[in-house]
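User: Hi! Could you walk me through the sheet in this one?
Analyst: Happy to, let's have a look.
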Amino acid sequence: MLTILWDNDGVLVDTEGLYFRATQEALRSVGVPLTADQFKEISLRRGESTFVLAIERGITDDEIGRLRAERDRRYAELLGSQSWAIDGAEEVLRSLHGQVRMGVVTSARRVHFETAHASTGLCQYLDFVLTREDYQHTKPHPEPYLTAMARHDLRPEDCIVVEDSERGLAAATAAGLPCLIVLSDWSRDGDFSGAAKVLENIRDVPGLALKWADGKRDVGSRDS
């Protein structure tokens, strides 16, 4: 049976902007600016911490720790303010439920994942969830996807990944997995030449995934 490995932030929930906002506010409190372009480059492309900008300004490790805690507190506050489910996500997961296995492989901490999904209703369709606490290295390192395959006895040929960022694509590719990219406002200008297919909308995933499951293994070429 096909297993779809979903990224979370930017794919199932529209939270990238919230994380940027919380981080920007924390850095601003010590006089370090953070632009959207910097966030895209450092976090979404390279998979690194934007607190490197504070380190470059000579901010101490203790202060960085305080800033991280403040960022995490603010991020959780924003996550809990309403449902941030991506339009169409519930419809897509419901349509695939029972036809394929589905799991989430995310670099988010479990508390943030649970807060984000407290009111989305999406978790009822998932067979498993892996969060930041389940691995040592985060995306773009392949460990998150390798861990998912090892823990749930998955074969690469039976898996397909759905991501929205360059770091996510890099992680999937390094793990030997085909990857569909669903574009978002935060990732639209990224380099996704290594993706199996680049999609405009999450609603396009089921048709391709089920075609893959039928053994055709032809997800076509990039649309965008």
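User: How many bridges join E1 to strand E2, and which way do they run?
Analyst: Four bridges join E1 to E2 (residues 101-105), and the two run parallel. Strands here are DSSP runs of E with at least two residues, and helices are runs of H or I with at least four, numbered from the N terminus. Two strands pair if DSSP finds at least two bridges between them. One caveat: this is a predicted model, where local features need pLDDT of at least 70, side-chain atom pairs count only at pLDDT 80 or more, and totals for chains, interfaces and linings use all residues. Residues are numbered from 1 along each chain as its sequence is written, and side-chain values use heavy atoms, leaving out hydrogens and water.
User: Nice. What stands opposite Trp6 in E2?
Analyst: That's Val104.
User: And what is the strand order of the open sheet?
Analyst: The six strands go E3-E2-E1-E4-E5-E6, with parallel pairing.
User: Switching topic: is Thr3 buried or exposed?
Analyst: Thr3 counts as buried because its relative accessibility is 1%; buried means under 20% relative accessible area, exposed over 50%, and partly exposed in between (1.4 Å probe, protein chains only). Thr3 is found in E1, residues 3-6.
User: Which residues is Thr3 in contact with, leaving aside neighbours within four places in sequence?
Analyst: Arg101, Phe128, Leu154, Asp158, Cys159 and Ile160, where contact means heavy atoms within 4.5 Å.
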